[in-house]
Amino acid sequence: MNTVVVVGRVGRDASENFNAYDSGKTKASFSVAVNRWDTKTKSEVTDWFNIEVWDKQAEFAAEYIKKGRLVAIDGRIANRRWVDKQTNNERESFYVIANNIRLLGSKRDAETEAVL
């Protein structure tokens with residue numbers, strides 16, 4: 001089973017684009033920062049997750065997913081492989097394809113976060 005839940009703060013506004021490679025579907029992407037405690041360094045560490053969302057959810061994300069907003073994402077992990085043109089090395093990246101996006105906190109919290 002490939003399921004992931006990410007709860008954190010949006011690192012960059014969702015950017016919406018038309019993706020001709022995937023049957024003309026609309027895609028939005030953004031990043032989410034999640035803090036965790038590292039027992040080795042005894043300090044807080046931030047993990048960054050790249051998120052992709054498609055179709056109607058992409059339109060929603062483009063309008064409401066803004067930097068600093070607290071969100072919960074559930075989805076699945078996907079990967080992308082390619083050959084780096086400069087080094088000719090194979091590369092791989094992992095990202096989350098969101099099934100559901102939930103805005104957390106109140107509208108007032110979101111307005112305050114935008115000011116910070």
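This is a predicted model: local features need pLDDT of at least 70, side-chain atom pairs count only at pLDDT 80 or more; totals for chains, interfaces and linings use all residues.
Residues are numbered from 1 along each chain as its sequence is written. Local features need pLDDT of at least 70 and side-chain atom pairs 80 or more, while totals for chains, interfaces and linings use all residues, and side-chain values use heavy atoms, without hydrogens and water.

Q: What makes up the chain in terms of helices and strands, and in which order do the elements run?
A: The chain has two helices and five strands. Helices (H or I, at least four residues) and strands (E, at least two) are DSSP runs, numbered from the N terminus. From that end the order is β-β-β-α-β-β-α.

Q: How do you know that strands β2 and β3 pair?
A: Two strands pair if DSSP finds at least two bridges between them. Strand β2 (residues 25–38) and strand β3 (residues 43–54) are joined by 12 bridges and run antiparallel, so they meet the definition. Val 32 has Phe 49 in β3 as its bridge partner. The two strands form a hairpin with four residues between them, and Lys 42 in the turn has a positive phi of about 55 degrees.

Q: Why do β3 and β5 count as paired?
A: Two bridges link β3 to strand β5 (residues 90–103) in the parallel sense; the definition asks for at least two, so the pair counts. Glu 52 stands opposite Ile 97 in β5.

Q: Why is Ser 31 called buried?
A: Buried means under 20% relative accessible area, exposed over 50%, and partly exposed in between (1.4 Å probe, protein chains only). Ser 31 has a relative accessible area of 8%, so it is buried. This residue lies in strand β2. Beyond its neighbours within four places in sequence, Ser 31 is in contact (heavy atoms within 4.5 Å) with Arg 9, Val 10, Gly 11, Arg 12, Trp 48, Phe 49 and Asn 50. Of the 116 residues of the chain, 34% count as buried.

Q: How do you know that the buried residues of helix α1 line one face?
A: In α1 (residues 55–64) the buried residues are Ala 58, Ala 61 and Ala 62. Seen down the axis of α1, they fall within an arc of 100 degrees, so they line one face of the helix. The arc is that of the directions from the helix axis to the C-beta atoms. The exposed residues Lys 56 and Glu 63 are on the face turned away from the buried side.

Q: Why is the pair of Phe 60 and Tyr 64 called tilted?
A: The structure holds one aromatic pair. Phe 60 and Tyr 64 form it, at 5.0 Å centre to centre and 35 degrees between the planes. Rings of Phe, Tyr and Trp (its six-membered ring) pair if their centres lie within 6.5 Å; planes under 30 degrees apart count as stacked, over 60 as edge-to-face and the rest as tilted. The distance therefore makes a pair and the angle makes it tilted.
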